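Biologist: Please take me through one part of this model in detail. I would like to look at the ligand site and what surrounds it.

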Amino acid sequence: MRSSLTPLGPSVSRDRIISSFPKWYTPAACLQLREHFHGQVSAACQRGNTGTIGLRLSKVVVVGDLYVGKTSLIHRFCKNVFDHDYKATIGVDFEIERFEVAGTPFSLQIWDTAGQEKFKCIASAYYRGAQVIITAFDLTDVQTLEHSRQWLEDALRENEPGACFLFLVGTKKDLLSGAACEQAEAEAVRLANEMQAEYWSVSAKTGENVKAFFSRVAALAFERSVLKDLELRSSAPLQVGGGDLIRMEGCPPETPNNRRSSSLSCC
Ligand SMILES: Nc1nc2c(ncn2[C@@H]2O[C@H](COP(=O)(O)OP(=O)(O)OP(=O)(O)O)[C@@H](O)[C@H]2O)c(=O)[nH]1
Ligand SMILES: [Mg+2]
């Protein structure tokens with residue numbers, strides 16, 4: 001039986017349907033080398049036993065220096081557009097992107113933050129509760145790669161240790177080729193490994209790797225959400241509706257030991 005919990009609104013477009021697990025960009029810096037969904041996740045999806053995953057938004061935060069192309073990357077993916085003119089992001093902005101992963105509805109809320117120093121305090125207020133942190137740098141500007149570590153540290157400070165998937169993304173791939181591109185990527189892969197992040201090179205201008213990258217983000221975030229949800233439901237007292245409003249007769253009263261941990265709640 002499939003889950004009856006489906007989000008409101010129109011169904012997802014065909015290019016947001018992820019049926020097989022998307023591959024990494026390079027095995028030299030990737031979060032996991034599996035080519036299939038986790039067995040428990042596949043089984044849960046087949047049975048329609050994915051709880052409220054379809055109703056939730058997973059938060060993705062994109063950080064990095066000004067002018068590296070954060071907004072362009074998000075707009076290429078969400079709107080399939082590219083603008084040559086630079087318009088600085090003021091504070092934050094977000095897009096919601098709906099997917100169907102392994103037959104289950106799943107949504108990402110993608111936060112675009114400002115790289116300009118003067119807006120940093122506004123933007124950093126939105127780092128909390130991220131399930132994915134994407135640190136973007138410009139492949140043609142090594143300084144922006146050097147600053148990536150600081151951006152990541154700032155974003156991680158607002159989140160629970162180990163709660164976020166980390167990605168390091170080199171932008172403007174269309175501006176580099178040959179040895180220059182290989183060298184920039186090699187340096188980035190080194191840093192990605194130090195940061196325990198997955199590395200991707202993309203171009204918002206040509207669209208190269210943009211869809212593949214966000215599909216990978218969505219699949220990893222989805223998988224972790226389903227696993228967390230299964231874990232919570234297997235340890236929670238029997239409830240109707242998955243909430244705390246209605247309790248089945250005979251269930252023990254809530255105690256500090258059986259209360260749901262807030263650190264495990266939905267991101
Ligand atoms: N050639 C090329 N130019 C790009 C690419 N991505 C972005 N740009 C250009 O780089 C400039 C900055 O892009 P934005 O996306 O506005 O940069 P941002 O990181 O959002 O900047 P802030 O909002 O100030 O933090 C713009 O002029 C874009 O057209 C790309 O993939 N290739
Ligand atoms: Mg921007």
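Modeller: What follows covers the ligand site, then the sheet. Keep in mind that this is a predicted model.

Start with the place. Ligand 1 sits in the largest pocket. There are 23 residues around ligand 1. Those that come nearest are Lys70, Ser72, Asp83, Tyr86 and Gly115. Sorted by class, the shell around ligand 1 holds 9 nonpolar, 7 polar and 7 charged residues.

Now the polar contacts. Tyr86, one of the nearest residues, uses its side chain: a polar atom there lies 2.4 Å from an oxygen atom of ligand 1. Thr89 makes its approach through the backbone, with an N or O atom 2.8 Å from a ligand 1 oxygen. Ala204 also has a backbone N or O atom 2.8 Å from an oxygen atom of ligand 1. As for cover, ligand 1 taken alone exposes 660 Å², and the protein buries 94% of that.

Next, the sheet. It is open and has 7 strands, in the order β1-β3-β4-β2-β5-β6-β7. The pairing is mixed. The edges are β1 (17-18) and β7 (198-201), and each of these strands pairs on one side only.

Look at one pair within that order. Strand β2 covers residues 57-63, and strand β4 covers residues 104-113. The two run parallel, joined by 6 bridges.

Conventions. Residues are numbered from 1 along each chain as its sequence is written. Chains are lettered from A and ligands numbered from 1 in the order in which they are written. This is a predicted model: local features need pLDDT of at least 70, side-chain atom pairs count only at pLDDT 80 or more; totals for chains, interfaces and linings use all residues. Side-chain values use heavy atoms; hydrogens and water are left out. A residue is near a molecule or strand if one of its heavy atoms lies within 4 Å of it. A polar contact is a pair of N or O atoms within 3.5 Å; within protein, one must be able to donate a hydrogen and the other to accept it, and residues adjacent in sequence count only if both atoms are side-chain atoms. Accessible areas come from the Shrake-Rupley method with a 1.4 Å probe; for residues, only the protein chains shown count as cover. On a 1 Å grid over the protein atoms alone, a cavity is a set of points where a 1.4 Å probe fits but cannot get out, and a pocket is an open set with protein on both sides within 12 Å along at least five of seven lines; lining residues have an atom within 4 Å of a point. A molecule sits in a cavity or pocket if more than half of its atoms lie within 2 Å of its grid points. Ala, Val, Leu, Ile, Met, Phe, Trp, Tyr, Cys and Pro count as nonpolar, Asp, Glu, Lys and Arg as charged, and the others, Gly among them, as polar. Two strands pair if DSSP finds at least two bridges between them. Helices (H or I, at least four residues) and strands (E, at least two) are DSSP runs, numbered from the N terminus.
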